[in-house]
Amino acid sequence: DSDNDGLPDHWEERYGLDPNDNGLDPDENGLVNVDNGPDGDPDEDGVNNEDEYANKTNPIDEDTDEDGLNDGVETNTGVFVSASNTGTDPKNADTDGDGLNDGVETNTGVFVNAADTGTDPLLADTDGDGSSDGIEVDKGTDPTDDDDSPDSWLVRNAQSGSPLNSIADTRALFDGLGNLINETTTSHL
């Protein structure tokens, strides 16, 4: 750390910052390069260099994960407070893993279109209907309305200790709760 600003030289060099300029002292022309040093914010995303280094985000790209949200609003707390404090991860374009970029999940509760889904960027199935928000948007259903979901069906797997010789035997197999191995909801993709 040649300039003793708390940012390693290799990190500053990687992002085109001057490892010999702490962002506080004027150069030979009397100018201070405010982009350098721990308080600099060259990408103007609201996150200073010190925090970009600590967060492992890119100080010269306002949207490190390219999800449509500036790093400054992605606070990585896991709690959505507002559009300026989304709680999402600035290094993961799809924090909840639902197939939608965080930037389109506005958490308003109102589906407008694929660019403004109204869904929660921290919850894969905002309306709790068993289909992820991404699948619902892809299939043309409303991911904020649990009464509007893609066609789906329940898949049950069970194990029998005896031969199944009739439909009645098969129904009895699934009626016995101890026989179920697993149960999932599947959507037609």
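Figure 1. Tyr15 is buried, at a relative accessible area of 14%; buried stands for under 20% relative accessible area, exposed for over 50%, and partly exposed for values in between (1.4 Å probe, protein chains only). Two aromatic pairs turn up in a search of the whole structure. Rings of Phe, Tyr and Trp (its six-membered ring) pair if their centres lie within 6.5 Å, with planes under 30 degrees apart called stacked, over 60 edge-to-face and the rest tilted. The Trp11 and Tyr15 rings are edge-to-face because their planes meet at 65°, with centres 5.3 Å apart. This is a predicted model, in which local features need pLDDT of at least 70 and side-chain atom pairs count only at pLDDT 80 or more, while totals for chains, interfaces and linings use all residues. Residues are numbered from 1 along each chain as its sequence is written, and side-chain values use heavy atoms, with hydrogens and water left out.

**Figure 2. Trp11 and Tyr53.** Trp11 is buried, with a relative accessible area of 7%. Trp11 and Tyr53 form an edge-to-face aromatic pair, 5.5 Å from centre to centre and with 75° between the planes. This pair links distant parts of the chain, since Trp11 belongs to helix α1 (residues 9-14) and Tyr53 to helix α2 (residues 49-55), 42 residues apart. Helices (H or I, at least four residues) and strands (E, at least two) are DSSP runs, numbered from the N terminus. Tyr53 counts as partly exposed, at 32% relative accessibility. Ring pairs join Trp11, Tyr15 and Tyr53 into a cluster.

**Figure 3. Asp9 in helix α1**. The relative accessible area of Asp9 is 18%, so this residue is buried. Not counting residues up to four places away in sequence, Asp9 touches Asp1, Ser2 and Pro19; contact means heavy atoms within 4.5 Å. Between Asp9 and Val137, 128 residues apart in sequence, the C-alpha to C-alpha distance is 45 Å.

**Figure 4. Asp45 in the loop between α1 and α2**. Asp45 is buried but has no salt bridge, and Lys91, the nearest side chain of opposite charge, is 13 Å away. A salt bridge is a side-chain nitrogen of Lys or Arg within 4 Å of a carboxyl oxygen of Asp or Glu. Lys and Arg count as positive and Asp and Glu as negative, while His and the chain ends are not counted. A polar atom of the Asp45 side chain lies 2.9 Å from the backbone nitrogen of Val47. Leaving aside neighbours within four places in sequence, Asp45 is in contact with residues including Glu52, Asp61 and Asn70.

**Figure 5. Asp142 in the loop between α3 (133-139) and β1 (152-158)**. Asp142 is also buried without a salt bridge, and the nearest side chain of opposite charge, Lys139, is 16 Å away. The side chains of Asp142 and Thr144 are joined by a polar contact of 2.6 Å. A polar contact is a pair of N or O atoms within 3.5 Å; within protein, one must be able to donate a hydrogen and the other to accept it, and residues adjacent in sequence count only if both atoms are side-chain atoms. Not counting residues up to four places away in sequence, Asp142 touches Phe111, Asp127, Glu136 and Asp148.
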